[in-house]
Every structure is written in C-alpha cells, then in structure tokens.
Amino acid sequence: MTDYQVPEFEHEYDERVIEIARVAKVVKGGRRFNFRVAVVAGDNRGSIGVGVGKANAVPDAMRKATERARKNMHKISTFGTTIPHEVLGRVGGAKVLLKPASPGTGVIAGGGVRAVLEAAGISDILTKSLGSSTVLNVVFATIEALEQLKSPQDEAARRGKSPKDMLPFWERRKNG
C-alpha cells in the first residue's frame, strides 16, 4: 500500500491565453520588467473564469493566471447554444453588447470576447465592443455582461408569465 492519495477527478478546462504583456515598474535604479498574463478558463458547459498573473517569467505568470482563472470560475445562464436575452456589460471605458442569435450563426466576436464566449460554451451569439478597446477591460466587461444573464424560467416566474413567453423569437416561431 502506498502513502500517497489518488487525486480527485480533475476537470478538463478549455484554457485560452488572452494577453501576454511586458509591464514595467519604475524604481530608483531604472525600470523593473515583469510579465502580465491574462487567461480565461471554461468548461464549455456554462462555467467561466478569468485570471491575471504577474511574474518575472512568462511560464510562472501563466501558471498563476491559470490557477486564478480556475479559482474564480462561476456559472452563467445559457439558452441552448446562445444566451437568453440581450445584455450590456461595462468595465472602465469598455462596453460589450451581447445579443442572442439563432442556431447556426456562430460566434460573431473578436479578440478577448470570442475567447470568453467559446470557453463558456456559447456557440451562437452576436457581439459588439463599444468604447475602450483595452483587452483586459473588454474581457472583464464580457464577464460582467454574462453575470447579468437570467434564466428564462426565473424571469418568467418574476414577471408572472409562462416560460414559453420568454423564448427567443425563432423558438416561438418554430413552436407555434
């Protein structure tokens, strides 16, 4: 019998590096350079997390960012392969508009927004990045927008309607 314990089942996460940047801190003798890495991790089933790590070397910064992304994971509300309703996320000067799309549309997004949505498992969505194009702020605005999403069942109960009334137009047209 061995003394070590078998690790618990480790989840397979879709991890994507969003940005690798060299950052500088000005000190008395000049500049101290570090690397900042932003990573998004998702399970392709509606859980998503973002992590930022800084270190003297890129691999160490990537490891830190990945650990933080896995630690910060939370569930978002999805509707099949898209989102239940339109939403706008704001962080700093960056704004990200997310709109549901009919099946087969694909992910109409660029850069960090695409990475976040694909890692979350959303495959049909329309997006528009407004305002600042700072990569980290755009990514955090996307996460903030996804956190605002409500499930159709919860919203129907809140409004006192049936869940069928909360379906996107293409679903209502198909069913009725």
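Q: What makes a stretch a helix or a strand here?
A: Both are DSSP runs, numbered from the N terminus: a helix is H or I over at least four residues, a strand is E over at least two.

Q: How do you know which residues and atoms count?
A: This is a predicted model, where local features need pLDDT of at least 70 and side-chain atom pairs need pLDDT 80 or more, while totals for chains, interfaces and linings use all residues. Residues are numbered from 1 along each chain as its sequence is written, and side-chain values use heavy atoms, leaving out hydrogens and water.

Q: Why is E155 called buried?
A: Buried means under 20% relative accessible area, exposed means over 50%, and partly exposed is in between (1.4 Å probe, protein chains only). E155 has 10% relative accessibility, so it counts as buried.

Q: Why is E118 called partly exposed?
A: Its relative accessibility is 24%, so E118 falls in the middle class. E118 sits in helix α2, residues 111-120.

Q: What makes the link between the side chains of E155 and R158 a polar contact?
A: A polar contact is a pair of N or O atoms within 3.5 Å; within protein, one must be able to donate a hydrogen and the other to accept it, and residues adjacent in sequence count only if both atoms are side-chain atoms. The E155–R158 contact is 2.6 Å, so it meets the distance limit.

Q: Which residues does E118 contact, leaving aside its neighbours within four places in sequence?
A: Contact means heavy atoms within 4.5 Å. E118 is in contact with D14, R16, N44 and V107. N44 is 74 residues away along the chain, yet the two C-alpha atoms are separated by 7.1 Å.

Q: Which residues are buried in α4?
A: P152, E155 and A156 are buried. Down the axis of α4, they fall within an arc of 100°, taken from the directions from the axis to the C-beta atoms, so they line one face. On the other side, Q153, D154, A157 and R158 are exposed.

Q: How do you know that β6 and β8 pair?
A: Two strands pair if DSSP finds at least two bridges between them. β6 (residues 94-100) and β8 (residues 125-131) are joined over seven bridges, in the antiparallel sense. In this pair, P100 stands opposite I125.

Q: What is the order of the open sheet of four strands?
A: The order is β5-β6-β8-β7, with mixed pairing. β5 (87-91) and β7 (107-108) each have a single partner strand, so they are the edges.

Q: What makes strand β3 mostly covered?
A: In β3 (residues 47-55), seven of the nine residues are buried. β3 is joined to β2 (residues 30-42) by eight bridges and to β4 (residues 74-75) by two, both times antiparallel.

Q: What makes a set of residues a nonpolar core?
A: Its members are buried Ala, Val, Leu, Ile, Met, Phe, Trp, Tyr and Cys residues, joined through side-chain atoms within 4.5 Å. The largest such core has 29 residues, and V40, I48, L98, L117, I122 and L146 have the most contacts inside it. Helix α3 gives the most to this core, with seven residues.
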